[in-house]
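Please read this briefing alongside the sequence and the 3D view. It starts with the chain as a whole and then turns to single residues.

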Amino acid sequence: MTATPSLPEGYEISTDPQRIDAGRVHHWLSTDAYWALGRSREKQDRAIEGSLNFGVHDALSGEQVAYARVITDRATFAWLCDVYVDTSVRGKGIGTALVAAVREHLRAYGLRRILLATHDAHGVYEKLGFTALDRPDQWMAHTFDR
């Protein structure tokens, strides 16, 4: 089993939807995340509403400093996406601890797999047991024109 890193002291993870700062999440993703640049607030709000959301918060101020979203049926499959750590707290292990907490939360559902896509963070996810697809030739995608 892969280790579960913990958050640095002074931070906490919550799945309470009321604690998600949707405006902040939208700003992060639509202005600084290569996969979501220009995403509308309305689209981001719909994504949050239809997903299992994880926020990392400063324990004293309550300010949200990181976010991850999971699309899942809570039985067989999950897609981890929109993982983002505010630039002011990067390098503290918050992102790794967040993804580990998501993984452990999803483990309880008895899922077969968690998928994700990344352009540049393979090392972060590999530390937590994620691997490249064994048989990428078996996977397909349909992309709608924008």
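The points below describe a predicted model, grouped by topic.

This is a predicted model, in which local features need pLDDT of at least 70 and side-chain atom pairs count only at pLDDT 80 or more, while totals for chains, interfaces and linings use all residues. Residues are numbered from 1 along each chain as its sequence is written, and side-chain values use heavy atoms, with hydrogens and water left out.

**The chain as a whole**

- The chain has four helices and five strands; helices (H or I, at least four residues) and strands (E, at least two) are DSSP runs, numbered from the N terminus.
- Starting at the N terminus, the order of the elements is β-α-α-β-β-β-α-β-α.
- The chain is as compact as a globular protein of its length, because its radius of gyration is 15 Å, close to the 15 Å that the globule rule gives for 146 residues. The radius is taken over C-alpha atoms, and the rule is 2.2 Å times the number of residues to the power 0.38.
- The C-alpha trace spans about 45 × 40 × 30 Å along its principal axes.
- Of the contacts in the chain with a separation of 6 or more, 62% are between residues 24 or more positions apart. Contact means heavy atoms within 4.5 Å.

**Surface and charge**

- Buried residues make up 38% of the 146 residues. Buried means under 20% relative accessible area, exposed means over 50%, and partly exposed is in between (1.4 Å probe, protein chains only).
- The accessible surface of the chain is about 9100 Å², and 51% of this belongs to carbon and sulfur atoms. Accessible areas come from the Shrake-Rupley method with a 1.4 Å probe; for residues, only the protein chains shown count as cover.
- The chain has 17 positive and 19 negative charges, and their mean positions are 4 Å apart. Lys and Arg count as positive and Asp and Glu as negative, whereas His and the chain ends are not counted. A charge is placed at NZ of Lys, CZ of Arg, CG of Asp or CD of Glu.

**Helix α1 and its packing**

- Helix α1 covers residues 22-32, and its buried residues are Ala-22, Val-25, His-26, Trp-28, Leu-29 and Ser-30.
- These buried residues pack against α2 (41-49), β3 (64-72) and β4.

**Asp-82**

- Asp-82 is in strand β4 (residues 77-85).
- Asp-82 counts as buried because its relative accessibility is 4%.
- Its side chain makes a polar contact of 2.7 Å with the side chain of Trp-35, and another of 2.9 Å with the side chain of Arg-69. A polar contact is a pair of N or O atoms within 3.5 Å; within protein, one must be able to donate a hydrogen and the other to accept it, and residues adjacent in sequence count only if both atoms are side-chain atoms.
- Leaving aside neighbours within four places in sequence, the residues in contact with Asp-82 include Leu-29, Arg-39, Gln-44 and Tyr-67.

**Positive phi values**

- Most residues other than glycine have a negative phi.
- Asp-82 is not a glycine, yet its phi is positive, at about 55°.
- Arg-74 also has a positive phi, near 60°, and is a residue other than glycine.
- Arg-74 lies in the loop between β3 and β4, and is partly exposed, with a relative accessible area of 43%.

**Helix α3**

- Val-99 lies in helix α3 and is buried, with a relative accessible area of 2%.
- Val-99 and Val-83 are 16 residues apart in sequence, and their C-alpha atoms are 8.0 Å apart in space.
- Beyond its neighbours within four places in sequence, Val-99 is in contact with Leu-80, Val-83, Tyr-125, Leu-128 and Phe-130.
- Thr-96 is also in helix α3 (residues 94-107), and counts as buried at 14% relative accessibility.
- Thr-96 is in contact with Pro-5, Val-124, Lys-127 and Leu-128, leaving aside neighbours within four places in sequence.

**Two loop residues**

- Thr-15, in the loop between β1 (11-14) and α1, is partly exposed at 36% relative accessible area.
- Thr-15 touches Asn-53, Phe-54 and His-105, not counting residues up to four places away in sequence.
- Asp-120, in the loop between β5 (113-115) and α4 (122-126), counts as exposed at 59% relative accessibility.
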